[in-house]
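The following paragraphs go through one protein model, from a single residue to the chain as a whole. Please keep the sequence and the structure in view while reading.

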Amino acid sequence: MKYSKKIYTFFFLLFAVILITAGDTFAQCAMCRATVENNVSNGDVGIAANLNLGILYMFVAPYLLFMVIAYLWYRKSRKNGKKIKTTGYSRG
């Protein structure tokens with residue numbers, strides 16, 4: 001019971017942080033492209049590098065979340081498998 005409460009709290013806090021920061025993430029691709037082209041033509045490549053870093057961050061985040069959920073699911077199913085073996089009870 002304690003374990004599931006911690007997980008629910010973690011996901012609630014994660015969801016709250018995503019909602020709070022979502023207002024700043026609404027941008028249009030055309031705006032980003034115009035900004036990068038303008039800055040690169042003026043010789044400033046800092047914004048382009050940061051934009052690429054942001055794109056990589058948004059690319060990796062869903063996969064990382066999926067891996068965490070898959071690991072927790074695997075660990076829980078393995079724990080349930082050990083319980084079934086020790087009690088001698090099998091489903092099906």
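Phe66 counts as exposed, because its relative accessibility is 57% and the class begins over 50%, with buried meaning under 20% and partly exposed the range in between (1.4 Å probe, protein chains only). The model is a predicted one, in which local features need pLDDT of at least 70 and side-chain atom pairs pLDDT 80 or more, while totals for chains, interfaces and linings use all residues. Residues are numbered from 1 along each chain as its sequence is written, and side-chain values use heavy atoms, with hydrogens and water left out.

Phe66 lies in helix H3, residues 46-87. Together with Phe59, Val60, Tyr63, Leu64, Met67 and Val68, Phe66 makes a nonpolar surface patch of about 740 Å². Patches take residues with over 30% relative accessible area and no salt bridge, joining nonpolar side chains (Val, Leu, Ile, Met, Phe, Trp, Tyr) within 5 Å and like charges within 9 Å. A salt bridge here is a side-chain nitrogen of Lys or Arg within 4 Å of a carboxyl oxygen of Asp or Glu.

A patch of positive charge on the surface gathers Arg75, Lys76, Lys79 and Lys83. Of these residues, Lys83 is found in helix H3. Lys and Arg count as positive, Asp and Glu as negative, and His and the chain ends are not counted; the charge is placed at NZ of Lys, CZ of Arg, CG of Asp or CD of Glu.

The structure holds 2 aromatic pairs. In the pair of Phe10 and Phe11, the ring centres are 5.4 Å apart and the planes stand at 65°, so the pair is edge-to-face. Rings of Phe, Tyr and Trp (its six-membered ring) pair if their centres lie within 6.5 Å, and planes under 30 degrees apart are stacked, over 60 edge-to-face and the rest tilted. Phe10 is partly exposed at 46%, and Phe11 is partly exposed at 27%.

Cys32 sits in helix H2, residues 29-41, and is partly exposed at 27%. Its C-alpha is 8.2 Å from that of Leu51, 19 residues away in sequence.

The protein chain has 3 helices and 0 strands, where helices (H or I, at least four residues) and strands (E, at least two) are DSSP runs numbered from the N terminus. Of its 92 residues, 3% count as buried. The accessible surface of the chain comes to about 8700 Å², 69% of which belongs to carbon and sulfur atoms, by the Shrake-Rupley method with a 1.4 Å probe; for residues, only the protein chains shown count as cover.
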